[in-house]
Amino acid sequence: MKLDIISIIKNIGESIEFEMTDKLEVLDSGIGTVSFTGPVTLKGTATSFNHMIEVKGEAQIRYKTVCDRCGENLERNLTVSFNENIVERKGQDQDTAMEDEDRFTYKGHFIELDSIVVDAILLNLPMQHLCSADCEGLCPTCGNSLNGLHCDCSEDQDIDPRLESLKSYFKK
Ligand SMILES: [Zn+2]
Ligand SMILES: [Zn+2]
């Protein structure tokens, strides 16, 4: 996703607003159990400073994952904000070896927004996903989801000892 800043690049203090939607290949493989299902939607403002462009805004993406406790499929929306100062990259050579890796740079009159957006998304992706805050998870014995269900395993524990013999009788 390229942002053309030609209209503000020479005018310090000038801003442009931008809005775009695009699929980001970097996110295609997903992260762990998270897979991104849609394109990224961006909305933001770029402001020109002296050899530096401030880019800030919001990115929105939809993703699929599973509940950490019960394994149920989930689909979530993630909205992240970004605010970066992009500095002008000098020099003609292709690989500016001295480039500071922690800084985003631009050359000419285009800003490449992909890595800014991907960074913001990965940094803000929740570490834990639950279908609901009180998800009961899975039964450790039979592996069935305990949400709203009761499997026989949990009933076994508080079975009346006097019925125990009867139960084994019926199993025969
Ligand atoms: Zn769950
Ligand atoms: Zn069970």
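Reader: Which residues line the largest pocket?

Author: In this predicted model, the largest pocket has a volume of about 160 Å³. By class, its lining has four nonpolar, three polar and two charged residues. The residues that line the largest pocket are Ile9, Lys10, Ile12, Phe49, Asn50, His51, Glu88, Tyr106 and Gly108.

Reader: Is His51 buried, partly exposed or exposed, and what is its relative accessible area?

Author: His51 belongs to the lining of the largest pocket and lies in the loop between β4 and β5. Buried means under 20% relative accessible area and exposed means over 50%, with partly exposed in between. His51 therefore counts as partly exposed, with a relative accessible area of 44%.

Reader: What phi does His51 have?

Author: Most residues other than glycine have a negative phi. His51 is not a glycine, yet its phi is positive. The value for His51 is about 55 degrees.

Reader: Where does Ser48 lie, and with which residues is it in contact beyond its neighbours within four places in sequence?

Author: Ser48 lies in strand β4, which covers residues 40-49. Ser48 has a relative accessible area of 0% and is therefore buried. Once neighbours within four places in sequence are left aside, the contacts of Ser48 are Ile8, Ile9, Asn11, Ile12, Gly13, Glu14 and Ile53.

Reader: How many cavities of 30 Å³ or more does the structure hold, and which residues line the largest cavity?

Author: The structure holds one cavity of 30 Å³ or more, and the largest cavity has a volume of about 40 Å³. Its lining divides into five nonpolar, one polar and two charged residues. The lining residues of the largest cavity are Lys23, Leu24, Leu27, Asp28, Phe36, Gly38, Val40 and Ile61.

Reader: Which protein donors hold the zinc ion (ligand 1), and what is the geometry of the site?

Author: The donors of the zinc ion (ligand 1) are the SG atoms of Cys67, Cys70, Cys131 and Cys135, lying 2.3 Å from it. Along the chain, these donors follow the spacing C-x2-C-x60-C-x3-C. Four donors count as tetrahedral if all angles lie between 85 and 135 degrees. The angles among the four donor atoms are 105 to 113 degrees, and the site of the zinc ion (ligand 1) is tetrahedral.

Reader: What coordinates the zinc ion (ligand 2), and what spacing do the donors follow?

Author: The zinc ion (ligand 2) is coordinated at 2.2 to 2.3 Å by the SG atoms of Cys139, Cys142, Cys151 and Cys153. Angles of 105 to 115 degrees among the four donor atoms make the site of the zinc ion (ligand 2) tetrahedral. Along the chain, the spacing of these donors is C-x2-C-x8-C-x1-C.

Reader: Are Cys151 and Cys153 buried or exposed, and at what relative accessibility?

Author: Cys151 and Cys153 are both among the residues that coordinate the zinc ion (ligand 2). With a cut-off of under 20% relative accessible area for buried, Cys151 counts as buried at 9%. Cys153 likewise counts as buried, at 16%.

Reader: In what order do the elements of the protein run from the N terminus on?

Author: The secondary structure of the protein comes to three helices and eight strands. From the N terminus on, the order is β-β-β-β-β-β-β-β-α-α-α.

Reader: Against which strands do the buried residues of α1 pack?

Author: Helix α1 covers residues 114-124, and its buried residues are Ile116, Val117, Val118, Ala120 and Ile121. These buried residues of α1 pack against β3, β4, β5, β6, β7 and β8.

Reader: What share of the 172 residues in the protein is buried?

Author: Contacts in the protein can be sorted by separation: among those with a separation of 6 or more, residues 24 or more positions apart account for 58%. As for burial, the share of buried residues among the 172 is 32%.

Reader: What distance separates the C-alpha atoms of Glu25 and Pro39?

Author: Glu25 is placed in the loop between β2 and β3. Its relative accessible area is 69%, so Glu25 is exposed. Glu25 and Pro39 are 14 residues apart along the chain, and their C-alpha atoms are separated by 9.7 Å.

Definitions and conventions: Residues are numbered from 1 along each chain as its sequence is written. Chains are lettered from A and ligands numbered from 1 in the order in which they are written. This is a predicted model: local features need pLDDT of at least 70, side-chain atom pairs count only at pLDDT 80 or more; totals for chains, interfaces and linings use all residues. Side-chain values use heavy atoms; hydrogens and water are left out. Donors are N, O and S atoms within 2.8 Å of the metal (3.2 Å for Na, K and Ca); water is not among the atoms, so sites may look incomplete. Four donors count as tetrahedral if all angles lie between 85 and 135 degrees; four count as square planar and six as octahedral if opposite donors are over 155 degrees apart and all others between 65 and 115; anything else is irregular. On a 1 Å grid over the protein atoms alone, a cavity is a set of points where a 1.4 Å probe fits but cannot get out, and a pocket is an open set with protein on both sides within 12 Å along at least five of seven lines; lining residues have an atom within 4 Å of a point. Grid points are joined across faces, edges and corners, and a volume is the space filled by probe spheres set on the points. Ala, Val, Leu, Ile, Met, Phe, Trp, Tyr, Cys and Pro count as nonpolar, Asp, Glu, Lys and Arg as charged, and the others, Gly among them, as polar. Helices (H or I, at least four residues) and strands (E, at least two) are DSSP runs, numbered from the N terminus. Buried means under 20% relative accessible area, exposed over 50%, partly exposed in between (1.4 Å probe, protein chains only). Contact means heavy atoms within 4.5 Å.
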